[in-house]
Amino acid sequence: MTAPVVGYYVHHVGSGHRHRAQVLAARLEREGIRVTGLSSLPRPDGWAGDWVRLARDDGGTAADVSAGGHLHWVPRQHDGLRSRTAAVSAWIEAARPDLVVVDVSVEVALLARLHGIPVVAVVLPGRRDDPPHLLGLGVADVLVGFWPESADGMAPGLPDHLRAKLVPVGALSRHPVRRDRTDRRPGIRTVALLLGTGGHDIDRADVEAACAATPGWTWRVLGADRSTWVADTASVLAESDVVVTHAGQNALAETAAARRPAVVVPQHRPHDEQRTTAAVLARGWPAVVCGTWPAPDDWAPVLDRAASLDPARWAEWCDGAAADRFARVVLEARRRSGTGAAS
């Protein structure tokens with residue numbers, strides 16, 4: 001008998017979408033369900049299921065990208081858009097998936113639902129009450145947010161009928177949750193700077209000035225360029241006293257899983273994604289939130305303040321069970337759609 005199939009659309013910006021897909025695929029594999037990735041990103045190492053590589057739709061001339069404000073990105077007469085849309089449709093016809101997880105794209109959610117396929121849609125932080133979001137999230141069977149239920153304010157303005165479908169599962173980290181800090185090196189205070197792959201406005205001069213102004217700290221820069229990229233950040237975070245990071249979901253999940261206090265400098269993202277997250281973190285979570293990159297003379301007190309915070313409350317943000325809750329949401333959506341037995 002052919003194994004049931006679930007699709008997972010992976011947005012190409014940032015690493016969090018891909019990490020979540022990999023974690024969910026591993027969980028569903030245990031249930032005998034194969035996950036097919038749909039993305040313009042290359043197939044990740046170790047991906048067990050199929051992978052449909054989609055054309056990019058963000059190059060060349062882009063005209064009327066929002067279809068008069070009804071959608072987010074559908075550039076008129078774009079070869080890449082036509083190709084990727086046709087590829088998703090062809091895969092749906094051939095694979096007959098039970099459902100598709102969309103992380104994230106209004107257009108892919110609509111496309112899947114127009115083929116009669118149930119949709120589990122990931123909701124990012126920020127204001128998602130514009131007409132395209134209301135349409136795309138509205139057609140989904142269930143919505144998933146990767147923050148704890150206690151983190152009020154992560155989706156401001158979301159209408160009640162969509163909020164009723166939203167399941168906050170907590171932050172999902174690919175790294176296991178650490179239970180202690182016994183691996184810290186005595187006498188040395190260290191900073192891990194997570195810059196990430198989603199883009200940032202922090203340049204080398206900013207970092208060099210911060211390092212020079214904090215002689216009592218050793219900095220380890222991750223993700224500024226290829227020379228500082230580290231695929232597995234767990235060991236670096238484990239050796240750090242403070243993590244300086246943007247407010248992206250993946251970076252925060254890994255910081256929380258490592259149980260390290262943070263300095264959070266939100267970056268500009270559409271729909272105020274990171275600034276919304278930062279505003280929530282400022283309300284008692286183990287993070288010092290800075291609206292902009294601090295001046296050199298401010299770094300020492302900022303790091304000292306962060307180091308004094310108790311990171312234990314990260315256990316509420318990331319308890320290590322988000323992947324299992326995410327899988328249960330997908331399995332339940334599959335069951336409700338009539339394509340799967342209760343798990």
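How many bridges join strand E8 to E9, and do the two run parallel or antiparallel? In this predicted model, E8 covers residues 189-194 and is joined to E9 by six bridges, with the two strands running parallel.

Now zoom out a bit. Strands of a sheet pair through backbone hydrogen bonds, either parallel or antiparallel. Here, E8 and E9 belong to an open sheet of five strands, ordered E9-E8-E10-E11-E12, and the pairing is parallel. The edges are taken by E9 (217-222) and E12 (287-289); each has a single partner strand, so one side of each is left without a neighbour in the sheet. On average, and ignoring direction, neighbouring strands of this sheet are turned by 20 degrees against each other.

Is Thr214 buried or exposed? With a relative accessible area of 1%, Thr214 counts as buried, since the cut-off for that is under 20%. Beyond its neighbours within four places in sequence, Thr214 is in contact with Trp219, Trp299, Ala300 and Leu303.

Another loop residue worth a look is Cys318, placed between helix H11 (314-317) and helix H12 (322-336). Cys318 is buried too, at a relative accessible area of 1%. If you leave out residues up to four places away in sequence, Cys318 touches Ala171, Ser173, Val177, Ala253, Ala256, Ala257 and Arg259. Take Ala257: it sits 61 residues from Cys318 along the chain, yet their C-alpha atoms are separated by 6.0 Å.

Technical notes: Residues are numbered from 1 along each chain as its sequence is written. This is a predicted model: local features need pLDDT of at least 70, side-chain atom pairs count only at pLDDT 80 or more; totals for chains, interfaces and linings use all residues. Side-chain values use heavy atoms; hydrogens and water are left out. Two strands pair if DSSP finds at least two bridges between them. Helices (H or I, at least four residues) and strands (E, at least two) are DSSP runs, numbered from the N terminus. Axes are lines fitted to C-alpha atoms, for helices over the stretch in contact, and angles run from 0 to 180 degrees between N-to-C directions. Buried means under 20% relative accessible area, exposed over 50%, partly exposed in between (1.4 Å probe, protein chains only). Contact means heavy atoms within 4.5 Å.
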